[in-house]
Amino acid sequence: MKRSPAKRQNPLLSEWVGKLELPSFEAIKPDHFRTAFDRALADHRAEIDAIAANPAPPDFDNTVGALERSGRALERVAAVFFVLAGADTSDEIEAIERDISPLLARHNNALYLNRALYSRIAELYAGCEALSLDAEQARVLERYHTRFVRSGAALERPAQDRLAAVNERLASLGTQFGQNVLADEKSFTMVLEEGDLVGLPEFARAAARAAADERGHPGKYAITLARSSIETFLQFSSRRDLREKAFQAWIARGENGGTTDNRALIAEMVSLRAERAKLLGFANFADYRLDDQMAKTPQAARKLLDEVWSRALTKATVERDALQAMIAEEGGNFALAPHDWRYYTEKLRKARYDLDEAEIKPYFQLDKMIEAAFETAGRLFGLSFKPIDAALYHSDARAWGVTDAQGRHVALFIGDYFARPSKHSGAWMTSLRDQEKLTGNIRPIVLNICNFSKPAAGEPALLSFDDARTLFHEFGHALHGMLSDVTYPLIAGTAVPSDFVELPSQLYEHWLEVPEVLQKHAFHASTGEPMPKALLDRLLATRTFNQGFATIEYTACAMVDLDLHSLPDANALDVSAFERKDLERIAMPPEIVMRHRLPHFQHLFSGGGYAAGYYSYMWSEVLDADAFAAFEETGNAFDPATAKRLRDYIYSAGNRRDSADAYKAFRGRLPTVDALLKKRGLADASTSAR
Ligand SMILES: [Zn+2]
């Protein structure tokens, strides 16, 4: 085939060569994407058409195997694009994203609504027993069959056409939603003078100074809506007026009127999702969504949330009363408001445990916490990490080569830890390439993207204890991708149900709280002294402190999500009113605001990975609390036999088994909720104030 000059020069369309097999980021320019996408989409379409039109009767290899080998150029282009769109976007990238998201949805429709292709899959699935497949192949065939059916491949024509249109529209709306949130975040910066910083410890002042510098206000201080900036401010600033101002901007993201208001988008998305569920034979979107999750039904998810909710309300009430008492003691004559909660909690923590965040924070140096996460992976799974000089997409991103106990290459790991205006908020794991063995021994390239405050030049990056937990969380996801050991890409790494995917990440957080890990890695940034034992003990004693608040803040989101996506129809939905009424129904305490209000709830609407699925974090927490108890029961947080089972059945297993079966293989039984209630201090919530 003759190659056009455009293709020869487009770095996105060449294989990733060089020692690290990375994309040539320095050569990639935004205007390469559109031509690369067009070309890669056309190539994949041709491959799909050839599989569907194959005159040979279907067999596993010429249908499932061929599908698994197809679309590689598209995967590469999309992987690079979405890493940039999330972590280092620009007006140009955003414009391409708006163009490309409906095209990708259309492309997916053409694949999963392809009747000729579906009939080959259906024929194989019906005659599965005669095919003498191994266990993994049988699982991959079953997964493809389920995916085609759940996408509507078995429906008749008019319904299929409508589904296709719905999917495309949803993709566009999801892109717009995320961009609107980012725009609202970028448009708010609270620029402060030295005199406005009352209460802020040195690390917070340094971060605010760096943020102001970056935004063109040298010599001043800036508070932004990045979680690590605003939450620190809310925790320490004794200026109630400024706390309120920043908090109001934070919770109003996506609800400010004008072109970035997300409420109409939400109403349309919920309505389209309900319609899609009905076309596929379900009463509502939540029923449809959970049918292929570990929970199976919204009732099962609600049962867990309800059980936790009532206990959390009791605990949060006790917490609120303690904060209100503190206000009274100080001579304050006002009722605790949402923008006061973090501030007085910080004071109470100090009073009760002689512990404040400013005292802890110098001990949590980013580089040391990265080391701690790496060393834990070494002790559990025999992995080693070596820094590598690699040309990446941004100078803040760093790379490490990962090897196993035998010195074999396991993965390339990229960590991109600092907040910047071009990065979407939150923290996530993603990949440039996933593990597989179908086309050779392909090892993954995995990324962790976070939004920690960047220090001023020459100063060490410091984390809060929560930030350190986020780092361990995302690194747990990264290990799920890096340790993957399957043959077929469809089921590699994190390609598991979303109520199971938080198990490897949340479980990993437990090792941050193992005292010997912090003893070894928590060193004071200026003095170099290890964290004193007494301070460490006090820190770990606060584990269940403020957990009523944290549980309410999260669980309310999970309940509102399920209720919203259980609507049979959402035409003309008033999103603000729905949220308000639903919170009234569950008796949300007025002093606490949802962790993510609907107008900026990116888990649900920016892509939709967690739509009717935010309960997943709690569902997975039942699993992670119970799974860590398996280590505790041996008396060794690094017990080798338990670690081996964990690796075999969870971290390396991808979606090779049904989630419940995978868990049983690891633990010998299904989990109970007891370990979760104990972990959150909710087991005896009615009597304990802490
Ligand atoms: Zn996660």
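You are looking at a predicted model, so take your time and explore. Glu-516 sits in helix 20, which runs over residues 515–521. Is Glu-516 buried, exposed or partly exposed? With a relative accessible area of 38%, Glu-516 is partly exposed, because that value falls between the 20% and 50% cut-offs.

Glu-516 and Ala-637 are 121 residues apart in sequence, and their C-alpha atoms are 9.9 Å apart in space.

**Step back to the whole chain**

Zoom out and colour by secondary structure. The chain comes to 28 helices and seven strands. Its C-alpha atoms fill a box of roughly 85 × 55 × 55 Å along the principal axes. How does the radius of gyration fit a compact globule? For 690 residues such a globule would have a radius of gyration near 26 Å, and the chain has 25 Å, which agrees.

The accessible surface comes to about 27500 Å², and carbon and sulfur atoms account for 51% of that. Of the 690 residues, 58% count as buried. If you colour the charged side chains, you will find 84 positive and 97 negative ones, with the centres of the two sets 2 Å apart.

**Into the core**

Hide the surface and select Phe-475 and Trp-511. These two have the most contacts inside the largest nonpolar core, which has 145 residues. Helix 14, residues 298–329, gives the most to this core, with eleven residues. Apart from this core lies another one, of 37 residues, including Leu-22, Ile-96, Ile-100 and Ile-414. In soluble globular proteins, nonpolar side chains tend to be buried together.

Stay with Phe-475 for a moment. Which residues is Phe-475 in contact with, leaving aside its neighbours within four places in sequence? They are Ala-373, Phe-374, Ala-377, Phe-385, Phe-413, Asn-448, Met-482 and Tyr-508.

First, go to Asp-354, in the loop between helix 15 (338–353) and helix 16 (357–360). Look at its backbone: phi of Asp-354 is near 55°, a positive value in a residue other than glycine.

Next, pick Ala-612, in the loop between helix 24 (602–605) and helix 25 (616–632). Phi of Ala-612 is near 55° and positive too, again in a residue other than glycine. Is Ala-612 buried or exposed? At 0% relative accessibility, Ala-612 counts as buried.

Finally, move to Asn-54, in the loop between helix 2 (32–52) and helix 3 (60–69). Asn-54 counts as partly exposed, since its relative accessibility is 24%. Beyond neighbours within four places in sequence, Asn-54 is in contact with Asn-62 and Arg-120.

Notes
Residues numbered from 1 in each chain as written. Predicted model: local features only at pLDDT ≥ 70, side-chain atom pairs only at ≥ 80, totals over all residues. Heavy atoms only, no water. Core = buried A, V, L, I, M, F, W, Y, C linked by side-chain atoms within 4.5 Å. Buried < 20%, exposed > 50% of the residue type's maximum accessible area, 1.4 Å probe, protein only. Helix = DSSP H or I, 4+ residues; strand = E, 2+ residues; numbered from the N terminus. Contact = heavy atoms within 4.5 Å. Rg over C-alpha atoms; globule rule 2.2 N^0.38 Å. Areas by Shrake-Rupley, 256 points an atom, 1.4 Å probe, with all protein chains shown as cover. Lys, Arg positive; Asp, Glu negative; His and termini not counted. Charge placed at Lys NZ, Arg CZ, Asp CG, Glu CD.
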